[in-house]
Amino acid sequence: KIIGIHGKSFCYKELVWFIPQYGEYIACYDIDANKMEYIDVPGKIYGRPCMEKYCLDNQGERILPKYSDAGWIDGENIYLVPAATDTALILNVKTKKISKTFHLTYHENEYFGCGTYYEGKIWMAPYEGHHLISLDICTNEIQRIDCEREQGIFYGICGYRERIWFSSLTDKGVMFWDIQEKKYGELPCMDMDFKYGKRTYRDIVKYSDTLWLFPWEAEKIIFLDNEKQLFVEYESKVKQGFGVMLEVDMCKDSMYAVSYSHNYMICLHKDNFRYEIYTP
């Protein structure tokens, strides 16, 4: 028995796709036919010194993680961010085929933890390492951009208004990479008292035409006030502690996030501070 066989899942019509974290294959379940299909993980799987602490020990067998993240490009294509594999890829969930691959040459201590798709490029941020990478899905160009922050703090990444944003706070605010100006910057927060601990925020997402950050240690949800150009607190009356949270999905005018620490899911609604809590 292995925990974390799959890291994410995606629905396309009657198909449910499972992206392996510690599993062996990309899996596709056909609900109507009650049938499972499998696609081999492409490329080479190999360890690096920084990967050792992320291996699972299954009765003496060291199992390396395959993919660290995945997300939609459009209604039919999903990008997969590699962990121990040397190949990033695009999976077409309609044709059930891998439509594009990107071979990566890793630095010795490099491990990508999260990704996003924005304006023709897949962006991958390091969980370990010092480079932000972009993959151009039209030209196949792979670009490395030096990261100015220390290792182990890039958990979430999101493209918004010509910038790549990180769920990473500095003493000046939320960090971003400006695509046009080709430099890093920060946008301030209205109140920095909530910032504590190295792992302040876990995820950053675009919802309701703005950015939202979900906490790791901060215990406050914040969002970008576009008029003030500041990040402000989501002032709901949620009584539960947030703990470590991660965006799950968006449906119509609602966004869902799960708290791993406190075992519940919260539904946030567009343009107001109303919410619902669901506890399994």
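Which residue in strand 9 is the bridge partner of asparagine 77? In this predicted model, the partner is asparagine 92. Strand 8 (residues 77–82) and strand 9 (residues 87–92) run antiparallel to each other and are paired over four bridges. Both belong to an open sheet of four strands, ordered 7-8-9-10, with antiparallel pairing. Strand 7 (67–72) and strand 10 (97–103) are its edge strands, and each of them pairs on one side only. From one strand to the next, the twist averages 20°.

Four strands make it up in the order 1-2-3-4, and here the pairing is antiparallel. Strand 1 (6–12) and strand 4 stand at the edges with a single partner strand each, so one side of each has no neighbour in the sheet. Neighbouring strands of this sheet are turned against each other by 20° on average, direction ignored. As a general point, the strands of a sheet pair through backbone hydrogen bonds, in either a parallel or an antiparallel manner. Strand 3 (residues 25–30) and strand 4 are joined in the antiparallel sense by six bridges.

Strand 4, which covers residues 35–40, contains tyrosine 38. Opposite tyrosine 38 stands alanine 27. Tyrosine 38 has a relative accessible area of 55% and counts as exposed, because the exposed class begins over 50%. Together with Tyr25 and Met36, Tyr38 makes a nonpolar surface patch of about 320 Å².

Side chains of opposite charge can pair when their charged atoms come close. The count in this model comes to eleven salt bridges. One of them joins lysine 96 and glutamate 37, with an N to O distance of 2.7 Å. This pair links distant parts of the chain, since lysine 96 lies in the loop between strand 9 and strand 10 whereas glutamate 37 is in strand 4, 59 residues apart. Both ends are partly exposed, lysine 96 at a relative accessible area of 27% and glutamate 37 at 30%.

The side chains of lysine 94 and glutamate 76 meet in a salt bridge at 3.8 Å, N to O. Here lysine 94 is in the loop between strand 9 and strand 10, and glutamate 76 is in the loop between strand 7 and strand 8, 18 residues apart. Glutamate 76 is partly exposed, with 29% relative accessibility.

Further along the chain, two loops meet through charge as well. Aspartate 209 and arginine 161 form a salt bridge whose closest N and O atoms are 3.5 Å apart. Aspartate 209 sits in the loop between strand 19 and strand 20, and arginine 161 in the loop between strand 15 and strand 16, so the pair ties together parts that are 48 residues apart in sequence. Both partners are partly exposed: aspartate 209 has a relative accessible area of 43%, and arginine 161 has 46%.

Most residues other than glycine have a negative phi. Arginine 161, though not a glycine, has a positive phi of about 50°. Serine 208, likewise a residue other than glycine, has a positive phi near 55°. This serine lies in the loop between strand 19 (201–207) and strand 20 (210–215). With a relative accessible area of 23%, serine 208 is partly exposed.

Notes. Residues are numbered from 1 along each chain as its sequence is written. This is a predicted model: local features need pLDDT of at least 70, side-chain atom pairs count only at pLDDT 80 or more; totals for chains, interfaces and linings use all residues. Side-chain values use heavy atoms; hydrogens and water are left out. Patches are made of residues with over 30% relative accessible area and no salt bridge: like charges are joined within 9 Å, nonpolar side chains (Val, Leu, Ile, Met, Phe, Trp, Tyr) within 5 Å. Accessible areas come from the Shrake-Rupley method with a 1.4 Å probe; for residues, only the protein chains shown count as cover. A salt bridge is a side-chain nitrogen of Lys or Arg within 4 Å of a carboxyl oxygen of Asp or Glu. Buried means under 20% relative accessible area, exposed over 50%, partly exposed in between (1.4 Å probe, protein chains only). Two strands pair if DSSP finds at least two bridges between them. Axes are lines fitted to C-alpha atoms, for helices over the stretch in contact, and angles run from 0 to 180 degrees between N-to-C directions.
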